[in-house]
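I opened this model to look up a few local features. My notes follow in the order I made them.

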Amino acid sequence: MTAKRCEAYYSATVNQDSDYPELEGDIRVDVAIVGGGFTGINTALELAERGLKVAVIEAKKVAWGATGRNGGQVTGSLSGDEAMRKQMRKTLGSDVDDFIWHLRFHGHDIIKNRIAKYGIDCDLKFGHLHTAYKPSHLPELRANYQECLDHGMEDDVEFVERDRINEFLETDIYHGGIYNKKNMHLHSLNLCLGEARAAESLGTLIFENSEVIDIDHGDNKTGKPAKVFTQKGSVTANTVMLAGNAYHRLERLKMSGKIFPAAGGLVVTEPLGDDVANLINPKDVAVYDCRFVLDYYRLTADKRLLFGGGANYSGRESRDIDAELRPAIEKTFPRLKGVKVDYQWSGMMGIVINRIPQLGKLSDNVFYAQGYSGHGIALTHIVSEIMANAMTGQMKDYDTFANCKHIRLPGSEWIGNQFLALGMWYYLMLEKLR
């Protein structure tokens, strides 16, 4: 059966939808990538730019998963930065702080350059406001602001006191914020589809509706290559990479218990019109707040409000996202009380316990990359570069991630999700006491 996209705003406003064939027969490439989201497509593009022959095998449609269902914000946030700093210090020593700062904003440059190089139309806008939902969030924000100044970003960032929030948003719920002109927001589905067309133009083969059912890892000692199998075909390759994130179910004996799906819900309102849009968000910024489970929102190109929030860590998707998010929308913007919601959807984020993206190998020929914990647009582009480097012999940054230790929870994914949900409840209780 041919997969269809979820009925999200992104799919309803796509510039040019994908229509790649199903894999049939056997083909031979240098690298086979399982998963057609940001990680898989951009690793393919990185490799194709270096002259390698690549095949991307996607079970449904390109960007069908979290890539085509997210909030569209490209920011320098890293939820696992302290865990990274602690573990990566063993590999990087005194260079660890510079490396983590590089992770914050290098993805922005990759995306901007890719959009310019390949002429990708994805409603790219600049400007983001990171807000303090409580007075207790202000010290953290001021420290983040100072860190930006210490790294030479004085022309890109501005601290906004509470009495100036109305210059950016028609709301009284925030106590301050950081305005960041380097951060971006965009139509994530159109970005990924544009990157897929760019990879295809360089010779990458892309297959949709082609679920991978088995992988032969090959044998380096005998020179036997790896092989990826679908119902109707196969791909023989020197190297295979798994890039399915929360959606894939391959290699469960080795991969289960490392990453857990958490459902995030989003809605998009009816068109607000220029007047209302300019009143509620006059500088057209993307926004998220400092809470552990936060609200995030922005205006779309056609002046709708795209609003996301909450997260279901049990692994189950919400049945009525509009009902769940409407109170937060109306509290943030009283002017929008009763506004009609035209689209609602959810997507599965790949959550890692320590929030460090997981890069590694299952065998000599099979790599994997996953686990962005809700910060995937910028991070996937950085990870794609790191993985392409590793598969062409440049191992330094890959080793920095691969050397990190991760907690692997025993038992089924359902049991792991319950542990995760319990942990999230604990953090939420702590936050309420702040």
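**Loops with positive phi**

I found D123 in the loop between α4 and β4 (125-131); helices (H or I, at least four residues) and strands (E, at least two) are DSSP runs, numbered from the N terminus. The model is a predicted one, in which local features need pLDDT of at least 70 and side-chain atom pairs count only at pLDDT 80 or more, while totals for chains, interfaces and linings use all residues. Residues are numbered from 1 along each chain as its sequence is written, and side-chain values use heavy atoms, with hydrogens and water left out.

I looked up phi for D123 and got a value near 55°, which is positive in a residue other than glycine. D123 has a relative accessible area of 27% and is partly exposed. For this I used the following cut-offs: buried is under 20% relative accessible area, exposed is over 50%, and partly exposed is in between (1.4 Å probe, protein chains only).

A63 sits in the loop between β2 (54-57) and β3 (73-74). Its phi is also positive, near 65°, and A63 is not glycine. A63 counts as buried, at 3% relative accessibility.

**Salt bridges**

I noted that side chains of opposite charge can pair when their charged atoms come close. My criterion was a side-chain nitrogen of Lys or Arg within 4 Å of a carboxyl oxygen of Asp or Glu. A search of the whole structure gave 26 salt bridges.

I looked at the pair D97 and R85, where N and O are 2.7 Å apart. D97 lies in helix α4 (residues 96-118) and R85 in helix α3 (residues 81-92), so this pair ties together parts that are 12 residues apart in sequence. D97 is partly exposed at 37% relative accessibility, whereas R85 is buried at 15%.

Next I checked E46 and R50, whose side chains meet in a salt bridge of 3.1 Å, N to O. E46 is buried at 7% relative accessibility, and R50 is partly exposed at 32%.

I then took R164 and E158, with the closest N and O atoms 2.7 Å apart. R164 is partly exposed at 24%, and E158 is partly exposed at 29%. Through shared partners, salt bridges join E46, E49, R50, R114 and K117 into one network.

**Nonpolar cores**

I counted as a core a set of buried Ala, Val, Leu, Ile, Met, Phe, Trp, Tyr and Cys residues joined through side-chain atoms within 4.5 Å. The largest has 62 residues, and V62, M88 and M387 have the most contacts inside it. Helix α10 (residues 376-391) gives the largest share of this core, 10 residues. Another core, apart from it, has 27 residues, including V267, L272, F307 and V339.
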